[in-house]
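Here is a short briefing on one protein chain. Look over the sequence and the structure first, then read on.

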Amino acid sequence: AEPVRITREAGIARVTIDAPPMNLLGAPLMGALLGLVDALERDDSTRVVIFRSADPDFFIAHGDVVAITSVPLAPVPEAAELN
C-alpha cells in the first residue's frame with residue numbers, strides 16, 4: 001500500500017498519511033510526500049490541501065533521522081530523453 005493517498009474534489013485535495021505501524025517519517029513516507037508536493041505544484045486546480053492520518057493515535061510519530069539526513073538538498077535534475 002502507498003504511504004500517502006490523495007483524493008481531489010472541487011479544488012480540495014485530501015491527503016491521508018497511512019504508513020503503519022505509526023507513520024514513521026522514513027524514506028517511503030518522505031518520498032511519497034515529496035512526490036505529492038511535486039504533483040500539487042503542477043495542479044492549478046487545487047486550492048486547499050487537507051492532511052489527516054489513517055491512524056487515530058499518530059499523525060507522524062517521529063522521523064527516521066538517518067533517512068532524513070540522506071535526502072538531497074538540491075533538486076534532482078530532470079532526466080534527459082535518450083536518442
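Of the chain's 83 residues, 25% count as buried. The model is predicted. Two residues, Ala13 and Val49, get a closer look below.

**Overall layout**
- The chain contains two helices and three strands.
- Along the sequence, these elements follow the pattern β-β-α-β-α.
- Among contacts with a separation of 6 or more, 70% join residues 24 or more positions apart.

**Surface**
- The chain's accessible surface is about 6300 Å².
- Carbon and sulfur atoms hold 60% of that surface.
- Val49, Phe51 and Phe59 make a nonpolar surface patch of about 250 Å².

**Ala13**
- Ala13 sits in strand β2, which covers residues 12-17.
- Is Ala13 buried or exposed? Ala13 has a relative accessible area of 0%, so it counts as buried, the cut-off being under 20%.
- Leaving aside residues up to four places away in sequence, Ala13 touches Ile6, Thr7, Arg8, Leu40, Thr46, Val48, Val49 and Ile50.
- Leu40, one of these contacts, is 27 residues from Ala13 in sequence. Their C-alpha atoms are 8.6 Å apart.

**Val49**
- Val49 belongs to strand β3, residues 48-53.
- Val49 counts as partly exposed because its relative accessibility is 32%.
- Patch residues need over 30% relative accessible area, and Val49 has 32%.

Notes. Residues numbered from 1 in each chain as written. Predicted model: local features only at pLDDT ≥ 70, side-chain atom pairs only at ≥ 80, totals over all residues. Heavy atoms only, no water. Helix = DSSP H or I, 4+ residues; strand = E, 2+ residues; numbered from the N terminus. Buried < 20%, exposed > 50% of the residue type's maximum accessible area, 1.4 Å probe, protein only. Contact = heavy atoms within 4.5 Å. Areas by Shrake-Rupley, 256 points an atom, 1.4 Å probe, with all protein chains shown as cover. Patch = residues over 30% accessible without salt bridge, like charges linked within 9 Å, V, L, I, M, F, W, Y side chains within 5 Å. Salt bridge = Lys/Arg side-chain N within 4 Å of Asp/Glu carboxyl O.
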